[in-house]
Amino acid sequence: MLNLYDELIAVTRAFQERGVEYAVCGGMAMAIHSIPRNTVDLDLLIRREDLEQAEEIAMQLGYTFKARPMKFDGGTVEIHRISKIDPDTHDPLMLDFLLVTPAVEDVWAAREVLRLEDGAISVVSREGLIKLKSSRLSERDIEDIRLLRGEGE
């Protein structure tokens, strides 16, 4: 079974080695900010000009199934998905590249580099996560926003 943390570290280390800037967002960013929750995919905020190189790196790591680009919130959020199939369970692991658009330029600018036990990782700030999650407002996003604001468990 694929380990999300190991996959995240492999992708982000490969990005760092190739000079591709990124910021972890989504459920893994929640965990990095000490608010663990279940997640089934990896989300990275990247610049549009780095998309091609990011997809090449992902393909080298076994992510070979590309989906059509998705746009949300009136086109202010654009996601490019590439997936990997778990060799044991045959379940897909999705890696979503959220592109930096003018609507989230401030989230990109405020990203943070945090120390982990095995190095550093770039992650969107708590406020950046709140902004990203506010563009969708699913039940999960509403709960995540509440937790990010420290409004209990």
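Student: Start with the second largest pocket. What volume does it have?
Tutor: About 190 Å³. Keep in mind that this is a predicted model.

Student: Which residues line the second largest pocket?
Tutor: M1, L2, L4, T39, V40, D86, T89, D91, P92 and L93. That lining divides into six nonpolar, two polar and two charged residues.

Student: And the largest pocket, how much space lies there?
Tutor: About 480 Å³. Its lining has 21 residues, and D43, I79, L98, R136 and D141 are the closest to its centre.

Student: Which elements give two or more residues to that lining?
Tutor: Three helices are α2 (26-32), α5 (126-134) and α6 (139-148). The strands are β2 (41-46), β4 (70-72), β5 (77-85) and β6 (92-99).

Student: How do the residues of that lining divide by type?
Tutor: Nine are charged, eight nonpolar and four polar.

Student: What lines the largest cavity?
Tutor: L45, T76, V77, L98, L99, V104 and L132. Six residues of that lining are nonpolar, one is polar and none is charged. L98 lines this cavity, and L98 is also among the residues closest to the centre of the largest pocket.

Student: How does β6 run against β2?
Tutor: Parallel, with six bridges joining the two. D41 stands opposite M94 of β6.

Student: And against β5?
Tutor: Antiparallel, with seven bridges between β5 and β6. H80 has F97 in β6 as its bridge partner. The hairpin of β5 and β6 has six residues between the strands, and H90 there takes a positive phi near 70°.

Student: Change of topic. Which residues touch the most other members of the largest nonpolar core?
Tutor: F15, V24, L44, L45 and F97, out of 46 residues in that core. Helix α1 (residues 4-18) gives the most to this core, with six residues.

Student: Why would a core like that be there?
Tutor: In soluble globular proteins, nonpolar side chains tend to be buried together.

Student: What does V24 touch, leaving out residues up to four places away in sequence?
Tutor: L8, T12, A29, I32, D43, L44, I121, S122, V123 and V124. D43 on that list is also among the residues closest to the centre of the largest pocket.

Notes. Residues numbered from 1 in each chain as written. Predicted model: local features only at pLDDT ≥ 70, side-chain atom pairs only at ≥ 80, totals over all residues. Heavy atoms only, no water. 1 Å grid on protein atoms, 1.4 Å probe; cavity = no way out; pocket = protein on both sides within 12 Å on 5 of 7 lines; lining within 4 Å. Nonpolar A, V, L, I, M, F, W, Y, C, P; charged D, E, K, R; others polar. Core = buried A, V, L, I, M, F, W, Y, C linked by side-chain atoms within 4.5 Å. Buried < 20%, exposed > 50% of the residue type's maximum accessible area, 1.4 Å probe, protein only. Helix = DSSP H or I, 4+ residues; strand = E, 2+ residues; numbered from the N terminus. Contact = heavy atoms within 4.5 Å. Points joined across faces, edges and corners; volume = space filled by probe spheres on them. Pairing = 2+ DSSP bridges.
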